[in-house]
Amino acid sequence: MAEMGSKGVTAGKIASNVQKKLTRAQEKVLQKLGKADETKDEQFEQCVQNFNKQLTEGTRLQKDLRTYLASVKAMHEASKKLNECLQEVYEPDWPGRDEANKIAENNDLLWMDYHQKLVDQALLTMDTYLGQFPDIKSRIAKRGRKLVDYDSARHHFESLQTAKKKDEAKIAKAEEELVKAQKVFEEMNVDLQEELPSLWNSRVGFYVNTFQSIAGLEENFHKEMSKLNQSLNDVLVSLEKQHGSNTFTVKAQPSDNAPAKGNKSPSPPPDGSPAATPEIRVNHEPEPAGGAAPGATLPKSPSQPAEASEVAGGTQLAAGAQEPGETAASEAASSSLPAVVVETFPATVNGTVEGGSGAGRLDLPPGFMFKVQAQHDYTATDTDELQLKAGDVVLVIPFQNPEEQDEGWLMGVKESDWNQHKELEKCRGVFPENFTERVQ
């Protein structure tokens, strides 16, 4: 019987709830159609608007704070990987290795501490702040339902009073239900009228505390991180001082007449090609006697073109023109000294190149020495530099003032510019030798 009674109460409660929903739905329809008036409270509605705005702002702040924490964690991981890389490349025999490892450990601990304090002092506070909104939101919704019940009971009571045939018993019961509905509604309404403005005003202090905590934690974090970075910098400076003199050995140096410019240092080619590395080749073979004669050039090495260099007085000497007797005399005269093989190129006469093979004549700039071809693009960084594209042919000429020369730079004019303008002042410029290759 008790179970039946329990079931009966449950069934009655369900029926009551269903009836309440139907009555509320009917009341709302009548209010929307304008057939029933609705109790309005503009002050409360403003409080609800503020509540919704506050909830939206708080939810966004919570989301952004979580994103910030995720970024801090990502930066922690990136910093950790960077320090691990430093530990791997820091060789055991280098001074300061233990100090560098200790700094890396402290760096990792500092990131972990910063992240945890952000969680404790900002994120958890944020969660507590937003934790009060769901309950209030539920009570606001319930207050809205009770207001509909109150309006429905009021309309029912008024309709019974204005009916032609009055039923005092029904009127009394309707009045009793109206008083009950009004009491429930007003109790909830009064509580919310007090809580919502208070909650709205609390946002100021919450925002101040939250952002002060974040700013303070970040400030302390960067102070401590700055100390670690300074310590790491000191270790690396000490390493540099002790190992700074260990430079790479240069295998060959440019010749004395290599053109140069100012104090510039040429950049390496993009692919590290050693195409233009200067090199001195020493031939220990006996030097022909004709090479020691004043005003005459040395015979070419086998790697040179078939054309012979023009002598200072304008006389050409073809390679291999010496007699065997002259060769023997030369060997006897120069057997004690190695001869430097001089790379020679077609000589110029009055601005034209002379070729032993009878090739076509080509006007060349005064002082022309040899041609080079750009192997890589070079972007000029000054007004007196040449802009080169891979494949450009440059006619190399000497510097006007040897004091302006710098190692690894050449003076020249692009062949295309020279053929078009024939003016050195407008076309010439310096360029890094290691971006080019001599054209034989």
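A residue is called buried when its relative accessible area is under 20%, exposed when it is over 50%, and partly exposed in between (1.4 Å probe, protein chains only). The model is a predicted one, so local features need pLDDT of at least 70 and side-chain atom pairs count only at pLDDT 80 or more, while totals for chains, interfaces and linings use all residues. Residues are numbered from 1 along each chain as its sequence is written, and side-chain values use heavy atoms, with hydrogens and water left out.

On to the overall layout. The protein has eight helices and nine strands; these are DSSP runs numbered from the N terminus, with helices (H or I) of at least four residues and strands (E) of at least two. Its accessible surface comes to about 28100 Å², and carbon and sulfur atoms own 53% of that (Shrake-Rupley method, 1.4 Å probe). Among contacts (heavy atoms within 4.5 Å) with a separation of 6 or more, 71% link residues 24 or more positions apart.

Next, a pair of helices. Two packed helices are described by the angle between their axes and the distance between the axes. For helix H2 (residues 42-89) and helix H3 (residues 97-131), the angle is about 170° and the axes are 10 Å apart. Axes here are lines fitted to C-alpha atoms over the stretch in contact, and angles run from 0 to 180 degrees between N-to-C directions.

Ala374 sits in strand E5 (residues 370-374) and is buried, at 2% relative accessibility. Leaving aside neighbours within four places in sequence, Ala374 touches residues including Leu388, Gly391 and Phe435. Glu433 is 59 residues away along the chain, yet its C-alpha atom is 9.0 Å from that of Ala374.

Most residues other than glycine have a negative phi. Lys422, though not a glycine, has a positive phi of about 60°. Lys422 lies in the loop between helix H7 (415-421) and helix H8 (424-427) and is partly exposed, at 37%.

Finally, the structure holds zero disulfides (pairs of cysteine sulfur atoms within 2.5 Å). Cys47 is buried at 12%, and Cys427 is buried at 6%.
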